Amino acid sequence: MKITIGLEIHEQIATNTKLFCNCSTSYREVKPNSNICEICTGMPGAKPMPPNRKAIDAAIEIALMFNCEIIQEPVYIQRKHYSYPDLPSGYQRTSLPIAKNGNLLGIGIWEVHFEEDPGKYDPVTGRVDYNRSGVPLVEIVTAPQLHSPEEARNFLRELTKVLQYTGKTREEGGTMRVDTNISLEGGARVEIKNINSVRGAYKALLFEITRQKNLMTHGRSVKRETRAFIESQMITRAMRVKEEAEDYRYIPDPDLPPVAITNEKIEYIKNILPEAPHLKEKRFIVEYKIKADDAKIIASELELANAFEKVAMVIPAQQAASWIRDEVRRILEYNGISFKNSGIEPDYIIELLNMMNSGKITVRTAKKVMELLPELRKSPRIIVEENSWVKISDENYVEAACEDALKENPGAVKDYLSGKREALNFIVGRVMSKTRGRADPARVLEILRKKVEGVMK
Amino acid sequence: MGTLDEKLHSLRAGEISAEQNIQNFLDKIENEKYNAILYVNSEALEEARNVDRKIKQGRAGKLSGLAIAVKSNINVKGLKTSCASKTLENYSATYDATVIERIRREDGIVIGMANMDEFACGSSGETSYFGPILNPAARGRIPGGSSSGSAASIAGGLSDLAIGSDTGGSIRNPASHCGIIGIKPTYGLVPRQGLIDLAMSFDQIGTLGRDVYSTALLLEVIAGYSKREAVSRKVENLDYTSKLTPDLEGYKIGYVTEFEELTDRRINSEIKKSLEKLEMQGAELVEVNLPNLNKALPTYYLTTFVEFFSATRKYDGRRYGYKIEDVCGEEILRRIHIGSYISQKEYSGKYYRKALQFRSLITRELLEALRDIDLIAGPTTPKLPHRLGEKISPLDMYSYDVLTVQAKQVKSEISLLEYSFRQNLLKNRRFSM
């Protein structure tokens, strides 16, 4: 059965001030209703200030990342009327498209526009917090060209990456809102609102397909309607049918002249545009000849990808890629941070891998130093020196440590001699701890084997 | 009573104090019978004493303690800005409109909030929730509207100056009926931040006074670019008072033949006399045709109803106590319903968009007419004010605006000089009086 899915994605644009006034956009970390004024609370008589140009430029940049054509005629900002407690003026200001006809992963992007976020209404207490009211949003509308929840999820992940690449959306994340349209062959189109994450979109679509299939198998028709996603239960619930569809009575906002986007502006933004993640990934595979899996992970964050390119200028590319993919990612995930905020500098990675490759430190030490970087935020060379972690190349010292370990663990030696080969690994571990990891474990194993097997002879 | 110019001299010379000036008006307001002032500023005397100190130090601003009545749709922090509606009867402004900030900066004193037609929807001064306003200049007649209280406070001697708002004639109409001067500046010249909306693309704050000098002085204070709104005009060096002169040598003044056809002959004969006076002062009179004038009124009302509907969505009962539709007068309700009806998705192409197209047409026509002349002179209203309480149909009421609406269709530097004309003339193209 053919499934057709289209998405509308809303994301907050990262600006210091709101779209139509000078209030700060921080709304999470401050007291309710502290970053507000008469404009963003819609007091009688308040008018919007000229729209925040930085927000509009950000929307243009985002649209260009999707290869959109920027609208050249002046763009009107409209009033979308509806009544809800979080909407202080009874309408939301939303622009007509600033760009059209883009694409991402082969999926069409119909249009991109900007609008203002409403406040936050708490239905339990009945209170409204207007700190968020007037924060700029960008909305991206796709063509209905997705055909499964998996595909939609994949698309949204890629889109999130692209947005992060621009650095123009809010870094802390969790601000994405998605509306989705879905129809099954032979059924009407259903819109699902109130989705707040990629996972939510996936779950909502899964549920909706099951629901619609069930209706059809029982010979009932799927109504054209709007449904709400209930995240706590991972289900959708009917909101309104088509006949009750709201008429927003759009009018161009008389308080705002249309926004003109000049050619110079478009050219300027085009010049500073970052390479899109999926293109970067492809280029890495071709240019650096690294594994496709590694390229995908490295390209997932712009700063990480940039670091890779810097490291690969000095270190063999595949080694750099593997190290970043395995070690760096592991540490980022463990700490729950992005590379940008990790304190790991590309120069640190180069220094560390150079020390490792030249035999100055062991692999084990290198991994340990790597783990410490987000906390210590200083040069690996200094960390190694301060902790005296330079690899022991004095054979006599290592041999003595091996000798001691063998003497202290006669049981393990016996086990090994009776055929339990892994018992020797235990002794290697003892030697490593005696030398505080500074010995080369491969060399230790070699020495131990020679000594034990020498006894046998 | 001397002119405002003379009073300013006395204030600055210390012959009268700002405190005395304000006290005089407060006494008069206490006994006023026009229902012109709804709320008095209880801080006015205190503010006057501060101004007196500044006068003594020689650093008082242009308005030096003059009393200013403010229409009740312009936010004055701490005062009830009710729009003369039950909807906002409990709303105390939380901020000062930009024009109020500018008046305070020049040491003008807000004496009180003036009565008006509810939400500025009316041309007669009869639709206030707080009762009709009386015309101090013509007993038993309507004062005109919607800035009725502002006009009556000047005509009745309750303030030195007043500000009002004009959308389709709301300053010029009551000024005309009350025999004073009122001016609607070009759209975008005076900041609207803090003016409660009627129709955003037409609304403009303007000034009222006993003579042209008064209105020019106050306009000089409140006009000028503001970065706090998007439609503000970037104009500089606003100086009107020094340009007042009765000499019209070299001026071309247009008169519109279509105006005459629409207007009562008693008014026409007054206009004729005025035009002759202008000619005697050296102006050249030029006949102007505005063939699309008959489309101005329907275009105006279609547009304003939709904008008013949009503007009133915030009065949903959640924040100001009442839902506007539940407590407003019938004229307000009519406009909201029509505005809601014609902005529906299925009709907006038929009505609202068409109205916007006609607006462009009328704008072009007026700009064309103004290309070769300095200004247009004509009557403010087509008929004389009716008796207070007399029932007239909504359409007859709307037709009061037939001569004043077209100025607002034009967001440009044009001027229409109208019947409010009295003593001298403003040599500046930015006005519509």
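This is a predicted model: local features need pLDDT of at least 70, side-chain atom pairs count only at pLDDT 80 or more; totals for chains, interfaces and linings use all residues.
Trainee: Let's start where the chains meet. What makes Asp255(A) and Arg192(B) a salt bridge?

Mentor: The test is a side-chain nitrogen of Lys or Arg within 4 Å of a carboxyl oxygen of Asp or Glu. For Asp255(A) and Arg192(B) the closest N and O atoms are 2.8 Å apart, so the pair passes. The count between chain B and chain A is three salt bridges.

Trainee: And how many residue pairs are in polar contact there?

Mentor: Between chain B and chain A there are 20, with both residues at pLDDT 80 or more. On the chain B side, helix H10 (293–311) and helix H13 (352–369) are the elements that give two or more residues. H10(B) has the largest share, at five residues.

Trainee: Which classes make up that side of chain B?

Mentor: You'll find 15 nonpolar, nine polar and 13 charged residues on the side that touches chain A.

Trainee: How much area is buried between the two chains, and how many residues take part?

Mentor: About 2700 Å² is buried, with carbon and sulfur atoms giving 52% of it. Chain B puts 37 residues into the contact and chain A puts in 32. In chain B, Ala230(B), Lys314(B) and Arg319(B) lose the most area to chain A, together 21% of what that side buries.

Trainee: What about the second largest pocket: what is its volume, and which residues lie nearest its centre?

Mentor: Its volume is about 800 Å³. Of its 31 lining residues, Thr160(A), Gln164(A), Glu171(A), Glu301(A) and Ser338(A) lie nearest the centre. Helix H2 (149–166), helix H7 (302–311) and helix H8 (317–335) of chain A each supply at least two lining residues, and H2(A) gives the most, with five.

Trainee: How do the residues of that pocket's lining divide by class?

Mentor: Into eight nonpolar, 13 polar and 10 charged.

Trainee: Now the backbone. What is omega for the cis peptide bond between Gly145(B) and Ser146(B)?

Mentor: Omega is about 5 degrees for that cis bond. Ser146(B) sits in the loop between strand S3 (109–114) and helix H5 (148–155) of chain B.

Trainee: And what makes Ser64(B) stand out?

Mentor: Ser64(B) is not a glycine, yet its phi is positive, about 30 degrees. Most residues other than glycine have a negative phi. Ser64(B) is in the loop between helix H3 (44–56) and strand S2 (67–71) of chain B.

How values were computed: Residues are numbered from 1 along each chain as its sequence is written. Chains are lettered from A and ligands numbered from 1 in the order in which they are written. Side-chain values use heavy atoms; hydrogens and water are left out. Contact means heavy atoms within 4.5 Å. Buried area is the accessible area (1.4 Å probe) that two parts lose on being put together, summed over both. A polar contact is a pair of N or O atoms within 3.5 Å; within protein, one must be able to donate a hydrogen and the other to accept it, and residues adjacent in sequence count only if both atoms are side-chain atoms. Helices (H or I, at least four residues) and strands (E, at least two) are DSSP runs, numbered from the N terminus. Ala, Val, Leu, Ile, Met, Phe, Trp, Tyr, Cys and Pro count as nonpolar, Asp, Glu, Lys and Arg as charged, and the others, Gly among them, as polar. On a 1 Å grid over the protein atoms alone, a cavity is a set of points where a 1.4 Å probe fits but cannot get out, and a pocket is an open set with protein on both sides within 12 Å along at least five of seven lines; lining residues have an atom within 4 Å of a point. Grid points are joined across faces, edges and corners, and a volume is the space filled by probe spheres set on the points.
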